[in-house]
Amino acid sequence: AQVVEKDIAAENGVIHIVNKVITSLPSIDQYIGSNPNYSEFKKLLDKFLVQYVLNATVTNNYKNIHGTSVDIFTKVYNSSLAFSPNNENFLKLQDNDGQADTYTMFVPDNTALTNYINTVLLEHYSSVDQLPINVIYDFVNAHMWRTAVWPTKFSSTYNAVGEEARFNNSTDIVDKKVLSNGIFYGTNKVQDANVFSSVYGKAYLDPDYSIMTSLMNLDLKFQVSNINQKYTLFLVSNAAFNAAGFTADPTVSNVINEQWRYTPPGGGTVLTGSSALVRLQRILNMHVVPGRDITDLSAPGVALTTSGEFVKYGTNQVIAAGNLDAATVANVTDKKTAKNGTVYYIDKLLQFSEKTIGKHIEALALTSASPFYNFKQYMFNSAIYNKTTGEIQQVASGSFYTFLIPDNAAIVAAVNAGLLPGTGTAPNMIPNFTPTLPADREKVNNFIFYHILNKRNIATDGQESGTFETLFKFSNGDPSTIFVNNTVPNIITLNDMLNRTANVITTSSNNLSTRCTIHLIDNYLKNN
């Protein structure tokens with residue numbers, strides 16, 4: 001229409017007279033329905049996200065006007081969507097509010113959508129009908145913006161799930177329209193959503209891994225699906241969870257997340273509801289390595305998991321502390337790459353240990369030939385050690401620790417330096433593992449405490465360095481510290497408070513325990 005008379009001032013605005021009646025534009029919903037290029041997308045909407053609800057008010061109005069009883073239905077989109085494509089009221093707050101923004105929707109054409117469905121969404125399903133409904137929600141929501149997306153602002157405007165428009169305005173957009181309730185872009189590719197392209201997607205789109213998906217959905221979904229952060233994911237099938245004693249039982253609770261049941265395969269106390277879930281969540285966290293994309297498991301290495309506990313790998317096998325206790329390993333059966341990391345399919349759960357740290361140290365020093373033997377003997381006979389349970393004073397069951405155990409030669413050197421009780425005269429003193437004098441027993445306690453990093457679990461992964469507190473405290477209450485240089489994998493150098501140096505003996509270290517890693521070092525550490 002052309003303006004034939006303009007700028008007519010009125011009390012509350014300006015009037016322009018045009019030479020044509022301006023008809024309303026179609027809505028996003030109407031445009032998708034009328035354009036055959038988007039018929040496959042419309043099928044998804046119609047089949048899974050639309051229902052027609054009887055509208056009593058409109059039905060009654062129709063009857064009053066026409067005198068006949070005809071049921072009138074309203075087209076309603078699922079509330080899980082970011083917005084309804086047929087909604088003309090943009091985030092309407094009140095009847096007379098002014099509209100200052102609009103919706104935007106990117107819709108892939110039939111070729112792009114069909115290809116993505118067949119190659120990505122249906123990799124482990126035979127038809128769209130078998131997909132979990134949440135997959136449909138996530139896919140469609142990835143194409144919806146509750147704001148205007150201008151052609152120059154694709155990379156800085158975020159959709160309903162917090163992702164930018166991943167399209168090239170010059171090559172990926174085949175159709176542009178300003179419609180009655182928003183901006184529409186027809187595309188020749190899909191929005192590659194994080195939940196499908198990340199390590200999370202490998203579990204999410206495979207029904208055989210639905211247990212891991214359900215557990216990740218509780219806390220970790222938005223972390224492991226973030227393609228801007230690196231992850232390594234060890235993926236375990238439902239069958240492996242079941243073999244380890246974990247099942248879902250609706251009789252346990254009406255709340256889905258509390259329907260878990262744990263039945264120890266070897267017998268023992270059955271856990272249900274939240275008790276089983278807590279155990280499952282700790283196990284799940286041991287299968288996620290944050291901040292690292294480990295692309296090869298053939299060489300020996302260690303990795304810190306989300307649980308704060310380390311796992312060991314090598315020769316395409318993965319081991320956690322509980323696996324070592326049971327003398328089992330998890331074998332890698334497959335490997336896939338995602339945008340934010342690598343996924344390894346393993347045949348067994350990575351399990352945490354039920355043993356105390358003291359019992360693990362005892363197991364490392366069964367005979368005098370063990371390099372851990374002298375330290376273990378001092379610890380075993382000290383007042384801070386419970387020989388029955390393996391508990392060590394000040395070592396809490398729920399905290400993280402690193403044990404830095406001097407080898408036998410270093411212990412003898414500490415004896416000759418007067419840091420541990422011994423017999424004979426220096427430099428030929430020998431350890432006295434059962435001292436009777438209170439001062440000597442206190443020496444043992446202080447020596448052990450100074451070789452335990454408090455609330456820190458460190459292994460030779462080259463990831464964490466710094467000055468860390470030990471369990472030893474000075475008489476005024478101040479903590480003692482050790483500097484850990486751990487910038488290169490498989491090499492850790494330690495400096496005590498006198499700047500003396502010790503090295504982690506890697507071949508005898510990275511011994512996994514309960515929220516703890518035990519290392520062998522080639523020198524004793526001194527706090528003053």
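In which loop is Asn490 found? Asn490 lies in the loop between strand 24 (479-488) and strand 25 (491-495), where strands are DSSP runs of E with at least two residues and helices are runs of H or I with at least four residues, both numbered from the N terminus.

## Basis of the model

This is a predicted model, in which local features need pLDDT of at least 70 and side-chain atom pairs count only at pLDDT 80 or more, while totals for chains, interfaces and linings use all residues. Residues are numbered from 1 along each chain as its sequence is written, and side-chain values use heavy atoms, with hydrogens and water left out.

## Backbone features in loops

Asn490 has a positive phi of about 70° although it is not a glycine, and because its relative accessibility is 38% it counts as partly exposed; buried means under 20% relative accessible area, exposed over 50%, and partly exposed in between, with a 1.4 Å probe and protein chains only. Gln394, likewise not a glycine, has a positive phi of about 75° and is found in the loop between helix 14 and strand 19. With 47% relative accessibility, Gln394 also counts as partly exposed.

A cis peptide bond, with omega of about 10°, joins Ala426 and Pro427, and Pro427 is placed in the loop between strand 20 (422-423) and strand 21 (430-431).

In the order 6-5-8-7, 4 strands form an open sheet with mixed pairing, two strands being paired if DSSP finds at least two bridges between them. Strand 6 (144-145) and strand 7 (173-179) are at the edges and have a single partner strand each, so one side of each is left without a neighbour in the sheet.

Strand 5 (residues 103-108) runs antiparallel to strand 6 and is joined to it by 2 bridges; in strand 6, Met144 is the bridge partner of Met105.

A nonpolar core is a set of buried Ala, Val, Leu, Ile, Met, Phe, Trp, Tyr and Cys residues joined through side-chain atoms within 4.5 Å. The largest has 86 residues, of which Phe139 and Phe196 touch the most other members. Not counting residues up to four places away in sequence, Phe139 touches Phe41, Leu44, Leu113, Tyr116, Leu121, Val190 and Phe196, contact meaning heavy atoms within 4.5 Å. A second, separate core of 44 residues includes Met379, Ile392, Ile448 and Phe472.

In helix 13 (residues 357-364), the buried residues are Ile357, Gly358, His360, Ile361 and Glu362. The buried residues of helix 13 pack against helix 12 (321-325) and helix 14 (373-380), as well as strand 19 (401-406), strand 27 (511-513) and strand 28 (516-521).
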